[in-house]
Amino acid sequence: MLMLGLVAVATLAANGAQHLRYMALAFLGVAIAAHLMAGPDISVWQAALSLAAALVTTAILFIAARDGRFGEDPGWRLWVATIVAATTTAAAFAFLRTASGEDVHVSVLGADPSGVTQQAAAFWLLSSGVAILLTARGAVRGSLGALLMLTGTQLLVQLVPGPQFALALMLAWLQVVVALAGAFLIVNERALREA
Amino acid sequence: MTLPIALLGLGAVIAFAIRKRVQYAGPFTVGCLLAAIVLVVSFDAGTTTEVLGLQLRLSELAQLGALMLLGSLISLALTVWIDEPAYNFFPTALAAGAAVLAVLTLTAPIAIYGALILALLIPVGSFTFQVHRNRSYEAAFRHFSFVLLGGCLGLSALALSGSLPRDQPPATFVLLVAIIVVAFALKLAAIPFHTHAALLAMEVPASALALYFGVLVPTTFIAFAEILTLSGLLPAIVQISKVQDLLLALGTASALGGAFLATGSTELRRVTAYSVIANLGQALVGIATLSGPGIVGAIAIVLVTGAGATQQLLAAGAIERRSGADQPSATVAPLAALAFVIGGFAMIGAPPLVAFPGHFFVELIAFSYSGVLGAALVLSTLGILIAQLRAAIAIFRVAPDHWRVESRPVAGVVGTLLFLALLVGGMQPDGFLRPIAAFADEFIRALRPL
């Protein structure tokens, strides 16, 4: 539950950041909290792989910013994205969470074997990502929205039975490619702004 | 089976390192793609292998798809090497080729989806070109947004459907399958989700556009059919007709809307892009009928449309480059103009090309489904025919005595070769349709598991 709170706060920080470098650091916070949430359910190698991908992603965005002032002011979009994300998360959780009859006990600090908090975090990240991506004016917030969505997707994929390490490897590569494509677009956007 | 994928992936890294030496990067790229085709064809159909617990299987459809899609990539790489130097294209083509092969051979739906998103993201770098003079940055950003919006939503819905217990209310599965369908519609640029494709059609380099419409869009469609087959969602779709209705509505809207938009334009790239969207709509209708002929026709349409789009977009690029600021015309590149026109035959599904059986099957099954649906598809084909005729008349409006045959007529030669391949395929349709029919069998079995 604590990690769910951290994911929410770090997402709000990334959403509200005006500078790309702060945004990148806040995203790192989201990624770390999200992957710690899975706890002992995933292997050490899988966790290390996901964290390495998050670090590389942050580094790519940090370098793409070129200086500490470059970014995109969210303005009113911050509030729209937050309200839409909160509403959609609640709706998605009501419709799509595991519909088994068993009681779910969630503690503040302990692990959550039912996966309910992981699903809630995934829905929150997906909703926030969609809202940010749809209201983005350029590649800076567009990349952030895409990366948040992808982190939410990673959380849901962790709940699927199957070859988890292979899927984690594929999603880690995907995250790095999204960051690279986003950084490429950010560099182009900057060239256009400065022309 | 991993060898051709590894070869193309490694080739992409090497091509990236030598990309600025076009005289080396061009032949290297063509060589890698040829070697990958030879490897794929040399394996027996049905060969399987496992990597980190993920199974890869070389089905007959994967062999056919690899042959056609990597063949299109070779024609693109040849054109860029000889006629339109753009050094970023070579590593992009090889990486896209590796991702396409992964999509065709993987058997886990989530892995197929992941590889597909990778394939669709790879060309973002080759979409932007002289960003100060055009809107190619905006087009690339919109493509990036659409791919990731559709990609993440679809992947999440797939993951949820795989992790939820089977005792869910039907509404849950309807919602999840509807999200997957809309996610694919976003990536396929089906109407009404086509705005990014319209912008791409106008602003990005012709070779990158051909990579998207000629290779990646058909791959996306095949991935959609494969994911439906392998995800175990098909029985739920059969029981709940709403999803089938959604697919039919999207398909019909794209078929009619794409044809209507194509008839409204004489710009070569737009005509091709909207013709592709109209044909994809017809293919979606084919899948939505959930019948053997519909599925065979749908896959046949997308594969041939991909080849036709590659041919037409390369020709359009060659004509535009030689026309400069003037209206594109056959005067400056008659061979490329001819390649554009004969590419139109593939787009409308004219006999005796191999494009015909696909259109015939889908329209036939659509008529047996409902008269209105069949009439809509025939109307769509008529619309594409009119659009292609208008484009042909627009580029051939000048008398032949003014034509100047272009130097290095790569687009013309490539177009003629592709046309001949489609003609030979039309003479021997069994070789083309048998692998697709084998996939249709798998699809039908997944539809009604014993």
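Trainee: In chain A, what share of contacts between residues at least 6 apart in sequence join residues at least 24 apart?
Mentor: 76%. Two residues are in contact if their C-beta atoms, placed from the backbone, lie within 7 Å. Note that this is a predicted model: local features need pLDDT of at least 70, side-chain atom pairs need 80 or more, and totals for chains, interfaces and linings use all residues. Residues are numbered from 1 along each chain as its sequence is written, with chains lettered from A and ligands numbered from 1 in the order written.

Trainee: How many helices and strands does chain A have?
Mentor: Seven helices and zero strands. Helices are DSSP runs of H or I, at least four residues; strands are runs of E, at least two; both are numbered from the N terminus.

Trainee: Switching to the interface. How many residues of chain B are in contact with chain A?
Mentor: 36 residues of chain B, against 40 of chain A. H7(B) gives the largest share of chain B's side, 14 residues.

Trainee: And what about H14(B), how many of its residues are buried?
Mentor: 27 of 32, so H14(B) is largely enclosed by the rest of the structure. Buried means 20 or more other C-beta atoms within 10 Å of the residue's own; exposed means 12 or fewer, partly exposed in between, with C-beta atoms placed from the backbone.

Trainee: What comes just after H14(B)?
Mentor: Gly324(B), with a positive phi of about 60°.

Trainee: Which residues does Ile299(B) contact, leaving aside neighbours within four places in sequence?
Mentor: Ile222(B), Ala225(B), Ile436(B) and Phe439(B).
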